[in-house]
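User: Please go through the labels used for this model and say what each one rests on.

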Amino acid sequence: MIAAYHQNFAPTEPPKGYERVEELYRLFFNLMLYLSSQRFKVPETDAESLIHEVFLSFLAHSSEVRDPRAWLVGSICHASRHYWRGNGRTESISDEVLKRADPSAPELADTVATRILVQELLFHLHEKCRHTLRLKYFEGCSAIEVARELETTPRYAEKLIRKCLKRAHQIYLDLKGNKR
Amino acid sequence: MSDIHYDDETLIEFFTTGVSEPADVQEHVNSCRQCGAFRSSFETFAVALADPAVWQTNTEVLFALPKEAKLQEVRELASRFDAEEADADGEISTIVGRPSSEWRSRFASSAPLHTVGGVRKLIATAHEMVDHNPTDAMILASTATALCSKLQGICYPQTIAADLMGTALKEQATALRYLGRYEEGLVLLKEAEACFYRGSASLADLTDLDFQRACLLFYAERIPEAIPIMRRAALAYRQLGDSKRFQQTRALEAAAALKTGEVRGAIALWLSLVDGIALESDLDTLATTLGNLGQAYLMLADFEEAGKYFHQALQLQKELGLQPHLMRVRWGLARTLVGTGEWEAGLARLRETAVEFEQAGMFSTSGLVKLEIAELLLAMGKGPEVVAVCSDLVQQFRAAGMATSAITAAAYLQEAASSGHVTAAMFKSVRERLEDVPSLPKSRSPKTS
């Protein structure tokens, strides 16, 4: 007597919001390209084709999609894995990479999206600030070492790091706001 | 909370060095929502900044743009499908208004349907119909499949035609499920899967296919095979950001758990889902889940909880107006009354429920209710009435053309009751046999006009 669940999940009305597809294509192209080519090591040209396939499939599903970003991210990760597992592929990728990049870790898309934003903000940042933050965050320099590199005092280097962080964070927030 | 906030530079100094000047920055940040949000955002940003990949990645990826030709193709396809669906819409309504015996030939000669948009519209129409008329839905879905094979030569991207064929086959499998033809449905899903793999192999298509396969296996009583597929589908729905379908799939998994005898596990899973389902305003799933919770508690002989959930389910099912579900909830309530010792009231409710199922053409389910009535009458010491119920059962099964095994079982009970040798164990045995007889929409007659 247990009642089962009868939802079938096929579209019950024609997909709507086609005009949104192009907007979404432009908005999430970089994130999807990054995931496919950087995380899953799919060659960039092929990654672009995969993204296109995902959007063609999106056309058929747009009326059911509740969270476009999650749908597109989940789909491109799946398509990238399928690319490597597909028959006839001569190249290979280690299982470890596929496992590590498994989007079942729910924070993956957020982490990658944040990383892309930070990379983008670095592009917009003044050269001196970018260099300062690179010394501090990539090369792991202390304030004294940053000061030595920039030929200034440690106190000024500390102040410069804070100012650059403030500026970078502001650009990050602006970019994030634009991408929402 | 203070109305005074610290400037960004002071906060950044505190976040990066842990040193604060003035000393109460930490206290303020902990109690101030605005500064707390700033900290959270800054920490996420700082973690990314410290990630070596940020500094090493090829930045060309960041500024790559989608190719205009690709965007153009999506644009054109989108507007083409839109127009094709609009063209097909009226045509489908006209044809579906005619007798179903004419459908196939009319669809085959209707030009607006020989397009991707037309076939999609046809599949959507079949889907809308499947719940109340699976036979007609089957005709539409199989017509859609046939039309798909004619699309191959028309200039659509190859993957789109293959995906569409997969979707049409999947819809046929859905109709077969409603018709109780589970094994045939599973065979079609294999074909659908092959189509999807020839197409884009999209996560969404394969996940919907998984869900259908799990449903068919569930109904075919192949529960151990169904459960891992349900779990895979649930995970994929979560990845796709579809919390509603995630919960629906998990709810189905709980139903499967119950079928394997894991009553407490099923209850725990349903209870963990109820709030989320309510939040999604998914009333169908909520009503079914509440009814199933009632049933599970009934199995544990926890009549208080069973009654509570059955009443909640009843309320919702009344609003939704889904008769078969409503009748099952009423049956649950009747059994709860019997369980609590209110035999007379329970008996009256069971009698009403048996009539309802019978009127809906759900004869094997009605038979199960009548068995419970007879068993209850036996316990109440009303032997002659037991005989009457059993003979009614035999006549009903014969009239409905039910399986010979069901008629034989009922006749055996009637004979035992007449000779005064019927026992509760006999009822149990016959009930188990009847439960194997599919009671779902097999009995629904096809619409002819």
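This is a predicted model: local features need pLDDT of at least 70, side-chain atom pairs count only at pLDDT 80 or more; totals for chains, interfaces and linings use all residues.

Analyst: Residues are numbered from 1 along each chain as its sequence is written, chains are lettered from A and ligands numbered from 1 in the order in which they are written, and side-chain values use heavy atoms, with hydrogens and water left out.

User: What makes C129(A) and C164(A) a disulfide?

Analyst: Their S to S distance is 2.4 Å, and a disulfide is a pair of cysteine sulfur atoms within 2.5 Å, so the pair qualifies. C129(A) belongs to helix α6 (residues 127-138) and C164(A) to helix α8 (residues 154-179), 35 residues apart; helices here are DSSP runs of H or I with at least four residues, numbered from the N terminus.

User: Why is the disulfide of C129(A) and C164(A) called left-handed?

Analyst: The torsion about the S-S bond is about -85 degrees, so the disulfide is left-handed.

User: How do you know whether C141(A) and C164(A) are buried or exposed?

Analyst: Buried means under 20% relative accessible area, exposed over 50%, and partly exposed in between, with a 1.4 Å probe and protein chains only. C141(A) has 14%, so this residue is buried. C164(A) has 0% and is therefore buried too.

User: Why is the pair of F58(A) and W71(A) called edge-to-face?

Analyst: Rings of Phe, Tyr and Trp (its six-membered ring) pair if their centres lie within 6.5 Å; planes under 30 degrees apart count as stacked, over 60 as edge-to-face and the rest as tilted. For F58(A) and W71(A) the centres are 5.3 Å apart and the planes at 80 degrees, so the pair is edge-to-face. Both residues are buried.

User: What places the charge of K259(B) over the ring of F218(B)?

Analyst: The charged end of K259(B) is 5.0 Å from the centre of that ring. The label requires NZ of Lys or CZ of Arg within 6 Å of the ring centre and within 35 degrees of the ring normal.

User: Which residues count as charged in the lining of the second largest cavity, and how many are there?

Analyst: Asp, Glu, Lys and Arg count as charged, and the lining has six charged residues.

Terms used
Helices (H or I, at least four residues) and strands (E, at least two) are DSSP runs, numbered from the N terminus.
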